[in-house]
Amino acid sequence: MTPRRIIGQPRRRVDGRAKVTGQTRFADDIILPRMLHCRLLRSTHPHARIVSIDTGKAEQLDGVHLVLTGESFPIAYGILPVSHDEHALCRDKVRFVGDPVAAVIARDEVTAESAVNLIDVVYGPLRTFAEPAESLAHDEPRIHDYGDHGNVHKAVSLQFGDVDAAMAAADHVFDDVFFFEGNTHLPIEQHASVAVKDPDGKLVIYTSTQTPHYLHRALAKALAMPAAHIRVVATPNGGGFGGKSDPFNHELVVAKAAMLLDRPVKICLNREEVFYCHRGRHPVTMRFRTGVTRDGKITALDLQTLLDGGSYGSYGVASTFYTGALQTVTYDIPRYRFRGCRVFTNKPPCGPKRGHGTPQSRFGQEVQLDKIAEHLKRDPAGLRLGMIAPPDSLTANYLRVGTIGLAECITKVVERSNWKDKFRKLPLGRGVGLACSSYLSGAGMPINWNDLPHSGVQLKLDRSGGVTVFCGATEIGQGSDDVLVGIVAEVLGIDPFDVRAVTGDTDLTPVDLGSYSSRVTLMMGNAAIQAAERARAIVAGPVAAKLGVPADRLVFADRRVFDSEQPDRSVTFQEAVCIAEARVGTIGTTGSYTPPKAAGHFKGGGVGPSPTYSYTAAVVEVDVDAETGWITVPRVWIAHDIGCALNPTLVRGQVEGSVYMGLGEALMEEQAFRRLPPRLSSALVHKFPSMLEYKSPTSLDMPEIVTDLIEHPDPRGPFGAKEVGQGPLLPIMPAVANAVYDAVGVRVDQIPVSPEKILRALQAKAAGKPARVGPASFPDVAWPEPLLVTPPHEGGDGRASNEPDRRLRRKAEAGVEATAGVRS
Amino acid sequence: MKVRLTCSVNQEPVDVLVDDYKTLLEVLREDLQLTGTKHGCELGECGACAVLVDGSPVLSCLVLAVESAGRRITTVEGLAADGRLHPLQECFADLGASQCGYCTPGILITAKALLDAEPNPSRERICEALSGNLCRCTGYLQIVEAVEAALRLGAASKQRQPLLAQSEPGAGQ
């Protein structure tokens, strides 16, 4: 094999120049002739019937072209087929402060905003639900007229093996309750969209979306238009982190308005509105009961999670399953019961944020392991090393794990941080904490269940020696364009700058499902390799004939095609393309990727499977002022099992960016709400919808970060690569909490681990009370009977013994695309 | 009401009629179509809209355009000169300091102001100077390293040094 020229080398990303010159064109940078501007009227009530809307005065204002209300949007949509519960503008009721009620399209933003203020809405207030406990306690009024019952959106229960027997047989059973506060993505780019009716009369929308394919589907459905007449162009996202993964109200509104007015219509949300779009981290209360043997093996886990979903479905059913999916991928847990419940509340909808549903329970599990290690008088690193899930195996909940580099990760951070000289040995106020994690390299199931590829790539080779690569993948800053171009350039032996990437455009590019679940590098990458290898084969035949050497001896490298045994027998890549084109005609190829089928065949088995999983270990060092509770983080050591780093510069950026975002969640970030006093309507409002008050770390808050990459190529990934965008965030929050305990001996079983909580725990400790801050108990939830699935190592076949035959059910639903992956 | 604004933007004279309520940010982006300058809050919280006014970094969302009359304004579009990128731009592109790229123009401008004012800032000083510019992607470390690399490349002096070999498209072939 020829040595790699591009893959594995630190490189300037292909879109680097555009970004540093300000030429990357984000959605709000698009300015078109005759363009109009849109503003939305948002609800001032958290839960209310819309009694009437009077748009008369707004329509009369000079410069106003159109006023829209929910009447124009009769069809519901949503990201998951099981929860199409949104309308572009509210029709009969509002469900949170910020829910869009009406839209004005006018000659400029100022006019649109003035007109918005002239719209009179009469609301009939309803009881509001601020906390999950309230939603569980009161079935009426229902926030939605669907869901499991009352204000419970979804409650699920799965059991893999006889958990109670395993608990009874354990030497110790640990029982802990944790709480993880919600937080939000806070991308610096505010969501923006520009919609246009093109000269053919079709709809084009340029928009800051991570998921153009799903928006394409939502627009077709909600606007009742043929999908073939809609073009979605995902502009480069100025940060996503999951917050631009849903189809959004404003996208549907400007699309409709552009079609009605036959003029370009733009909207750019203000920062306050971005907080209302949310779809961020669910607040989760969780209870971990873990059976452990005296030598530190887990016998069973019994996990309950309660998710505060906010006001709409969003990805929530998937988020619920994700809180229980990946524990077994990290550690060997032979028997497992998972019960998860998501309730509706009158707050902005929660959804997927980096780590989607898994960081909350990762926090609980890793803090509990720290407690277990202490109880067993074991080193937390050693304890974990003894319980890592076996590689190339099927977990108790039927997730097929591939290579596992977790032991190397743990060993690396222990060595690098000098853990053994620090843990429980540092002076009061300084401490270290360790935690581990794993994450998907792409969701194994599509959101809309079908047998189609998850990612497609097309290649065009032309006589210039240049190559154009087309893929629906969406550049959100993670470097997907660079991964795509780097892979094609490596296989064809040309320079990355010889390759032009056309991405995220539903008219021009084959479907890629979107930038979520850390799926792009693996799925798009495998499709790109296939397309590029096919192109290489097409070129190699005629060139081999011309040079008089066997095709399998040809090497493509350094912009040349040459005989590996006599390298001077060669042509340039450009000549090679011309030789081949003369022989076979225009050269174009395709590649596609479909993940392996899930091993579990029970309802819920569609959430968690992935072609392979990444692993991470981190040690965080903290300084805690034992007087005030003030906490700082001077150093983080992190090791990540990535398989193969395609562009190490970008990989390092993903790891450090994850550590940064994890520290924000661990220490300060909160999407929190408060009730206004009765004289101000008692509304439930966001505490601080501004970047100044929603605290996030700055350059002054960043610790030194020592990053190590563990590179054992995984055969399932392109050049052996696994994900890196999300996994490294996960261990940070629990490692901080564990380090605080090491520093000052108090447990903060609640995120964020903010100074006032540490102080409260210190004061409790000083008063002789339990040195802990965190939830006292897990709320009562009426759980459904669990689906009983025998684990594979006990002879199970992946089906639930008490679930009706799903194959029959599937047949009955055949042809109905709305059969959601997450349902099955 | 429209008012006349005369100033210099990126060393070119500007003479335009603008709405009197508009901020410098809005006039740059909307009237002059210099969309390289970004916005993340329009409240002076994120730093994305930083531009240089007479050489000092200013949040253009907090300045009325009319206040800029007669001033010298530099935006990210004005950093490159003579067809070559500024060393800060080269180093940001090469060293992973720009991921989504949205905060990048404001950070480049802030860094340029620092390096123009101080010949040899320490890492602490760089972190302090950039602490008003939020970045959600990088974790800041590659940004700080890129500023230091640009310093070594001579960003603080007026002379431009030779660029990194790998920087130009197709170089090194």
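In the predicted model, the centres of domain 1 and domain 2 of chain B, taken over C-alpha atoms, are separated by 21 Å. The domain assignment of chain B places domain 1 at residues 2–78 and domain 2 at residues 87–152. Contact between them involves 14 residues of domain 1 of chain B and twelve residues of domain 2 of chain B. On the side of domain 1 of chain B that touches domain 2 of chain B, strand 3 (50–53) and strand 4 (56–59) of chain B each supply at least two residues. Strand 3 of chain B accounts for the largest share of that side, with three residues. By class, the residues of this side of domain 1 of chain B comprise eight nonpolar, five polar and one charged.

The loop between strand 3 and strand 4 of chain B holds B:Asp54. B:Asp54 is not a glycine, yet its phi is positive, at about 50°. Most residues other than glycine have a negative phi, and most peptide bonds are trans. With 12 other C-beta atoms within 10 Å, B:Asp54 is exposed, because a residue with 12 or fewer such neighbours falls in that class. A positive phi of about 50° also occurs at B:Asn10, in the turn of a hairpin formed by strand 1 and strand 2 of chain B with two residues between them. Strand 1 (residues 2–9) and strand 2 (residues 12–19) of chain B run antiparallel and are joined by eight bridges. Within this pairing, B:Thr6 stands opposite B:Asp15 of strand 2 of chain B.

In the interface between the chains, 46 residues of chain A are in contact with 47 residues of chain B. Helix 1 (16–20) and helix 18 (648–667) of chain A each supply at least two residues of the side of chain A that touches chain B. Helix 18 of chain A gives the most to that side, with eight residues. The side of chain A that touches chain B is made up of 17 nonpolar, 18 polar and eleven charged residues.

The domain assignment divides chain A into domain 1 (31–126 + 188–239 + 244–277), domain 2 (356–365 + 378–445 + 602–773) and domain 3 (452–593). The centres of domain 2 and domain 3 of chain A, taken over C-alpha atoms, are 38 Å apart. Here 18 residues of domain 2 of chain A are in contact with 15 residues of domain 3 of chain A. Strand 18 (430–440) and helix 18 of chain A are the elements that give two or more residues to the side of domain 2 of chain A that touches domain 3 of chain A. That side of domain 2 of chain A has eight nonpolar, eight polar and two charged residues.

Chain A contains an open sheet of four strands in the order 21-20-19-25, with mixed pairing. Strand 21 (499–503) and strand 25 (587–593) of chain A each have a single partner strand and stand at the edges, so one side of each lacks a neighbour in the sheet. From one strand to the next the twist averages 20°. Strand 19 (residues 455–461) and strand 25 of chain A run antiparallel and are joined by seven bridges. A:Leu459 stands opposite A:Thr589 of strand 25 of chain A. Helix 15 (residues 480–492) of chain A packs on the sheet and touches strand 19, strand 20 (467–471) and strand 21 of chain A. The direction of helix 15 makes about 140° with that of strand 21 of chain A.

In helix 3 (residues 109–116) of chain A, the residues A:Thr111, A:Ala112, A:Ala115 and A:Val116 are buried. Viewed down the axis of helix 3 of chain A, the buried residues fall within an arc of 140° and therefore line one face of the helix. The buried residues of helix 3 pack against strand 1 (36–42), helix 2 (56–60), strand 3 (64–69) and strand 5 (100–106) of chain A.

A:His278 lies in the loop between helix 8 (271–277) and strand 13 (284–292) of chain A. A:His278 counts as buried, with 28 C-beta neighbours inside 10 Å. Residues up to four places away in sequence aside, A:His278 touches A:Thr184, A:Gly310, A:Pro348, A:Pro349, A:Cys350 and A:Gln671.

Two cis peptide bonds may be noted in chain A: that from A:Glu140 to A:Pro141, with omega near -10°, and that from A:Ile751 to A:Pro752, with omega near 0°. A:Pro141 is placed in the loop between helix 4 (132–137) and strand 7 (152–160) of chain A, and A:Pro752 in the loop between strand 32 (750–751) and helix 20 (755–766) of chain A.

Terms used: Residues are numbered from 1 along each chain as its sequence is written. Chains are lettered from A and ligands numbered from 1 in the order in which they are written. This is a predicted model: local features need pLDDT of at least 70, side-chain atom pairs count only at pLDDT 80 or more; totals for chains, interfaces and linings use all residues. Two strands pair if DSSP finds at least two bridges between them. Axes are lines fitted to C-alpha atoms, for helices over the stretch in contact, and angles run from 0 to 180 degrees between N-to-C directions. Two residues are in contact if their C-beta atoms, placed from the backbone, lie within 7 Å. Ala, Val, Leu, Ile, Met, Phe, Trp, Tyr, Cys and Pro count as nonpolar, Asp, Glu, Lys and Arg as charged, and the others, Gly among them, as polar. A residue is buried if 20 or more other C-beta atoms lie within 10 Å of its own, exposed if 12 or fewer, and partly exposed in between; C-beta atoms are placed from the backbone. The arc is that of the directions from the helix axis to the C-beta atoms. Domain bounds come from an automatic or database domain assignment.
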